[in-house]
Amino acid sequence: MTKIFLGVLQFGKEYVNIIDKETDFLFEKPSKMNKNNITIYDIAREAGASPATVSRVLNNSSHPVKQEMRERILGISRQLGYIPNLQARNLKNQTSSTIGIIIPSIENPFYPSIVRGIEDEIVSRNCHMMLSSCDRDIELTNYSIGNMLAVNIQGIISVYMDEVPEALMKLVDRGGISLNVVSNGVCLPNTYTVLVDKEEECALAVRHLLKLGHRRIAFLIGGLDNSIRQKRLSGFQKALGAAGISCEEKYIYVFGKELQTDSSENAVRGYLLTKAMLERTPEVTAFICLNDIMALGALRALREVGKKVPDDYSMISFDDLYFSDTVFPALTTVGLDKYTWGRKLAQYYFELQEHPSGRRAAVREDEVLVPSRLIVRQSTKSRAEPCIGSQAAWRDSRHT
């Protein structure tokens, strides 16, 4: 059995760290059991077996081990609370069961359900997840990917990165899988891409309002600093143009262009942009918010001046966040099943890993994930339609 000795004498006591080429584990060979650091030697002593036999069982090796001994070893490892050292296993095998996940912001309530779906699929396949929330900061993204590469991750799933981090191409050069969900249409060489059409998402919202008879429609957007926001604005303009309606610049409210504050909160931005809209273009009959959180701020601004949704203004937003059907009025929104979307994204990653040949470098969202859809609730109505109106009617509608 080949072993690499990494330890030295320390304070008159010899500590020897061993990477065992047969056992796959990095461990400290103790004279007696340390309950906070259980090793295969501890399990071997308790089970009356050799460390090699314990390793074969814990690694699910094809090497034959009697069923009775296998069950005994597994039972003792659970009883002792044994945790394998994955870094040592990766070092020995030059492989990894860890997958890196990169998202724009864990604070944004759009992403946690997606991450949960990804994680559940990864864990179901006995793999592990390493998450980084990079705020679309290219330096932070490179730093995070560098840390992932240091533990020899097998691949990365990224969601809505606008810039290409240099470290990602190092992963590709190593032969790792890079699966990127993008809204800007950019496909990187030797990677896999899922293309999301944010223009069409916004077009769904515009067509819904047009169908209800609205023609003077405003768009409230929290900024134009990423491709999702840019594409939704483009979709707004194109959908109006396709209907023969001129997209007037005065109906587009961009935070940072129209207003300046220190707040980065979407609800505050929605509030301030709505107040600006009410002052400058009160003739609009409907408006679109960039996301559901901005819509909360918009509702507050309307309440302060005695205006109601949808009596005075129809309002539609994006993302279908967890509160969208519980606020009053319940939000009409364009959204998707985020958990399923995340789980399918992870499933697609494993399909690429298991059957890479013949796979297209880029696919549309609706081919492998779940597409966004219009979810009509109470914040929009026809201009000629009587309002549902009462709080009691809203409560009743939630059970239909």
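Helix H9 gives the most to the lining of the largest pocket, with 3 residues. The model is a predicted one, in which local features need pLDDT of at least 70 and side-chain atom pairs count only at pLDDT 80 or more, while totals for chains, interfaces and linings use all residues. Residues are numbered from 1 along each chain as its sequence is written, and side-chain values use heavy atoms, with hydrogens and water left out.

The largest pocket holds about 790 Å³ of space. Here a pocket is an open set of points on a 1 Å grid over the protein atoms alone, with protein on both sides within 12 Å along at least five of seven lines, and lining residues have an atom within 4 Å of a point. Among the 25 lining residues, Ser105, Asn108, Arg136, Arg229 and Asn266 are the closest to the centre of the pocket. Both H9 (227-242) and H10 (266-280) supply at least two residues of the lining. By class, the lining comprises 9 nonpolar, 6 polar and 10 charged residues.

Turning to the helix pair, H2 (residues 51-58) packs against H3 (residues 67-80) at an angle of about 85 degrees, their axes 10 Å apart. H2 is therefore roughly perpendicular to H3 (a term for angles of 65 to 115 degrees). Thr53, Val54, Val57 and Leu58 in H2 meet Met69, Arg70, Ile73, Leu74 and Ser77 in H3, where contact means heavy atoms within 4.5 Å.

Gly213 sits in the loop between helix H8 (198-211) and strand E11 (217-221). Its relative accessible area of 30% makes Gly213 partly exposed, that is, between buried (under 20%) and exposed (over 50%), with a 1.4 Å probe and protein chains only.

Note on methods: On a 1 Å grid over the protein atoms alone, a cavity is a set of points where a 1.4 Å probe fits but cannot get out, and a pocket is an open set with protein on both sides within 12 Å along at least five of seven lines; lining residues have an atom within 4 Å of a point. Grid points are joined across faces, edges and corners, and a volume is the space filled by probe spheres set on the points. Helices (H or I, at least four residues) and strands (E, at least two) are DSSP runs, numbered from the N terminus. Ala, Val, Leu, Ile, Met, Phe, Trp, Tyr, Cys and Pro count as nonpolar, Asp, Glu, Lys and Arg as charged, and the others, Gly among them, as polar. Axes are lines fitted to C-alpha atoms, for helices over the stretch in contact, and angles run from 0 to 180 degrees between N-to-C directions. Angles under 35 degrees count as roughly parallel, over 145 as roughly antiparallel, 65 to 115 as roughly perpendicular and the rest as oblique.
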